[in-house]
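Please read them with the coordinates open beside you.

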Amino acid sequence: MTTFARTPFGPAGVAILLGVFLLVFLVIPVAKVVFVAFQDPNTGAPTLVNFVDFFNTSLFRESFFNSLYVALMSVVVASVIAMPLAYFTTRFNFNGAILIQTLGVIPLIMPPFVGAVAMQLLFGTNGSINLLLDEWFGINIPFMEGLNGVILVESIHYFPFILINLSAALNNIDRAMEESAQNLGASGLRLFRRIVFPLAMPGYVAGASLVFLKVFDDLGTPLLLNVNNMLAPQAYLRISSIGISDPMGYVISVILVLFSLFALWTSFLAMRGKEYATVQKGGGGLMKRDLRVWEKAGAYAVVIFTLLIVLSPHIGLTLLSFGTIWSFSVLPDAYTLANYQEVIGTTSEYITNTMLYAGLAALIDVVFGTAIAYLVWRTGLVGRQWLDYLATGALAIPGVVLGIGYLRTFYDVEVPFLDKPLASWWVIIVVALAVRRLPYALRACVAALQQVAVALEEAAENLGATKFRTVKRVVVPLMSGGIIAGFITSFATAAVELSATIMLVSAESDAPLSYGIYVFMQSAAGRGPGAALGMIAVIIVGVATYLSHRVIERGKRERALEAALAGGV
Amino acid sequence: MNHSSRVLRVVGSWILAAGLLGAAPLTQALEDKLVVVTSFPKDLTGAFKAAFEKKYPGVKVEMLKKKTTAGVKYLQETASNNTSDMFWASAPDAFEVLKGDGLLQKYQVKATGIPDMIGAYPINDPDGYYKGFAGAGYGIMWNERYIKAKKLPAPRDWSDLAKPVYHGHVGMSAPSRSGTTHLTVETLLQGQGWEKGWAEWKAIAGNFNTVTERSFGVPDGVNSGQFGLGVVIDFFGLSSQASGFPVDFVYPSVTTLVPANIAIVANAPHPEAAGAFIEFLMSLQGQELLLNPKIRRLPVRPDIYGKAPADFPNPFKDKSIGAAVKFDVVKSKNRYNLVNSLFDVMITYRLDDLRAATKAIQDAEAALSGKSNAEAQRLIDEAKALVGAVPVDEATALDPDFAAVFKKKRKKATDKVTGRQAEVEAEWDKLVKANYAKAKTLAEQAKSML
């Protein structure tokens, strides 16, 4: 976080820089599109009549409640999936914990289009599972019908937000807390309920609120499952049709943003007035204990079952990418490598672009996320909350709106020396991805910061360290788990983003993987190769995630070693 | 991205340009690049790109793939600093929108041997802005395994899709989502008349499994067996079949052949290369590429059909394809947004209600068959009329003042329109929902009498 530490202006200067960035790359482009919501469609005069229309339309009211219901149910289902995985891997000595944590991130990396196709092939009315159920028992379970399907796919897709943030929080709990509780006689469930879970609360709330916001605003899943009666699809369907500059789409966008901010504010309130920070660090999370044999078997059973469910889209994707024809049958008719052969020649450029864009975007996100988290929670700057609200508001901006806003705002801005519009320079894709994924990194950073005691900073400053030195040497290292979690979520999700990208790609040589998949998935013959390209995307991001996990683990060990050496001297 | 190679390429092109300037004007050379915004799949664009680059080795073709609606938006938003040369897509309506915004430039095709009409539709834009290069018609595709497993008959015509046996098995995209689907809907409305056409669409929609968000969602759903039958444009059906999926396709009697088009964008940076691309597309060599099994579109040159496989439909010979309806482009254009909106209000967003009402009617009719009960028959007829009812009549739909509500783009700040789309739609929605609910009650009442 050197950029932050070296900035010469002090916190206010950093806050202003961040504010300007968000203003230029989020507020202005969105405002350029969204102002239509406040315009009388007939006269162009400013008005609120469109909002009256919104609440007078039964379809919109119904969509609103559907979105709310789906978002809440998805948080519940995602929590059920994530909690055991987080708990087992942080609480017990469990072989392959790192593998579970990595596999647990994989669902986030679901490339567009292929995921829904794979899920339909497995769980749809005429998917593998239902074909088998029909053959054996003569029944058909509507996993994928209507809102059920959306909840199922969303919770499988987004539960890693809870898993990652909750694991980071659990790892950050001071062992001394647990030991004190045990000395006072608490154990088992009581220990978990009264000590462990409350202390991990910031992580859980960070993850759960992300899931809620993300599902509430999510467009892709309902669209791919052809569920229209929800808010985000209604907004998108209205905005993206030819010739339509109908204000209702933008009205819905405004309502999405407002409601998201409201939900966020509620989660702030829920967290307020509680102390989550622990002073001592270095204990390295909860005490891990070995499992008894039958416990181990049980834990493995739960973990394997959960993984099977959450990885089912990827299992489907694998089959699709190696299959020839898969139509109304339990499994593909035959297997082949032809799909991979077809994409192999075209992928290298897509891959380098994806790594570059998603990597840069995630880097920007954690730097900005850390800075914003610190400014909001540790300084008394006036209006600092607005940085948080603004950055988080990006969650609620449909990608299409941001994409169109960028084209509208930056198409007439020439890049110096390159002689082309900023809107068609590849860097704008990075900025769009960074803005869209900033909320993920921000929530992770905020959660991490909340667990760092202010007393530690005060101690450092009392010892003569400057503010920036304190941030650099004390705060950021203590937040590293959360920062990496933020980097991973931003990176993994940016790598498969499509909605803003597709508006901004102006040359094939600048296109990322998700765009390549989109191109393949437009024809019957392209389904297999598209799935193969999707697999390649999943593998690359999966490997990158695994490696960054390894880096953190090594960092942790080294720090522990240093501490031990320092203690010994 | 390989930046060093990009720099090299740029420097290389300068050197090349300097060389050309020195040597000019020997021949009128094509530019070294061509940027095509297209909605077509890779199978099609890849084949043409490769063949064109082979013929003109100096030109590098960039295919920018965006779905039709996004492509139109992209060209509109980037017009102030245009970098695209051509727009290449199916739906003539999308070209009409661009033409209306002054974003296309005229071009005169030099190639000869292309007739004026395909089916009952003019191949080229009468104003000279966009050119048809291939024909496409709409029809029904189905999954052979699916209909065998569910014991369904193969469909022949649109009216078949309304039969109770297909309840829950049909998929289609919404006209607001896909330009090609819009044409299908409009064709039936023009072929059967406004009231009858909508009644038929709703009878078919009562059997829908889903309304897909993309037009490709329909062949995708049929191919994977998610639903059994789909309303699609011919090349989706034909190319799926050619890719090995167990599917089949049929042209119903009421269909229209519509050309897929290409046009040069206004202020195109590479106009010579763009012209050469159009000529290539219309040449014997270019037209023959359309017969490729993965592409499968109907060439606009009648002389190509001799090289086509035996079962390939030939609209220039077989006059039954697409000749039944004389498609009125002006009528279609005037109510374009209104038809989209009506379809969404009555079908897409109220699919569950519509399906429930349709199911109730179908059940009542099944119970009635073979018996005679005048009162039950009356109730069923009333229920059917309620489901089929359209909230606006054709005259109103074509009234420019009313349609203006849906045209939302005020050309000038001084333009005034009365009424708001959301307001009108909310009224329709209320009416439609009440009608479906009442129809369901009536049909259930009829059934309980039997």
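Predicted model: local features only at pLDDT ≥ 70, side-chain atom pairs only at ≥ 80, totals over all residues.

1. Chain A is built from 24 helices and two strands, and of its 569 residues 53% are buried. When contacts in chain A between residues at least 6 apart in sequence are considered, 79% of them join residues at least 24 apart.

2. For chain B, the domain assignment gives domain 1, covering 27–134 + 260–307, and domain 2, covering 335–450. The centres of these two domains of chain B, taken over C-alpha atoms, are separated by 39 Å.

3. The largest nonpolar core holds 305 residues, and the members that touch the most other members are A:Ile109, A:Ile162, A:Val211, A:Ala432, A:Cys445, A:Ala495 and B:Met86. The element that gives the most to this core is helix α19 of chain A (residues 426–450), with 17 residues. Domain 1 and domain 2 of chain B each supply at least three residues to this core as well.

4. Between the chains, 62 residues of chain B are in contact with 60 residues of chain A. On the chain B side, helix α3 (residues 68–78) gives the most, with seven residues. Sorted by class, that side of chain B has 21 nonpolar, 22 polar and 19 charged residues.

5. Helix α15 of chain B (residues 374–388) can be treated in a similar way. Its 15 residues reach 21 Å from the first C-alpha to the last, close to the 21 Å expected at 1.5 Å a residue. The buried residues of α15(B) are B:Ala376, B:Leu379, B:Ile380, B:Ala383, B:Lys384, B:Leu386 and B:Val387. These residues cover an arc of only 160 degrees around the axis, which puts them on the same side of α15(B). What covers them includes α7 (194–205), α14 (351–368) and α18 (421–449) of chain B, whereas the face turned away carries the exposed residues B:Ala374, B:Glu375 and B:Arg378.

6. B:Pro252 lies in the loop between β11 (247–250) and β12 (257–265) of chain B, and it counts as buried because it has 21 C-beta neighbours inside 10 Å, where 20 or more are required. Leaving aside neighbours within four places in sequence, B:Pro252 is in contact with B:Gly139, B:Ile140, B:Asp157 and B:Trp158.

7. A:Leu18 lies in helix α2 (residues 10–34) of chain A, and with 19 C-beta neighbours inside 10 Å it counts as partly exposed. Apart from residues up to four places away in sequence, A:Leu18 touches A:Phe368, A:Ala371, A:Ile372 and A:Leu387. The C-alpha atoms of A:Leu18 and A:Gly369 are separated by 10.0 Å, although these residues are 351 residues apart along the chain.

8. Two backbone angles deserve a look. A:Phe328, which is not a glycine, has a positive phi of about 50 degrees; A:Phe328 lies in the loop between α15 (312–322) and α16 (338–378) of chain A and counts as buried, with 24 C-beta neighbours inside 10 Å. B:Asn267, also not a glycine, has a positive phi of about 60 degrees; B:Asn267 lies in the loop between β12 and α10 (271–282) of chain B and is partly exposed, with 15 other C-beta atoms within 10 Å.

Notes:
Residues numbered from 1 in each chain as written. Chains lettered and ligands numbered in written order. Core = buried A, V, L, I, M, F, W, Y, C linked by C-beta atoms within 7 Å. Buried ≥ 20, exposed ≤ 12 C-beta atoms within 10 Å, placed from the backbone. Helix = DSSP H or I, 4+ residues; strand = E, 2+ residues; numbered from the N terminus. Domains from an automatic or database assignment. Contact = placed C-beta atoms within 7 Å. Nonpolar A, V, L, I, M, F, W, Y, C, P; charged D, E, K, R; others polar. Expected span 1.5 Å × (residues − 1). Arc of directions from axis to C-beta.
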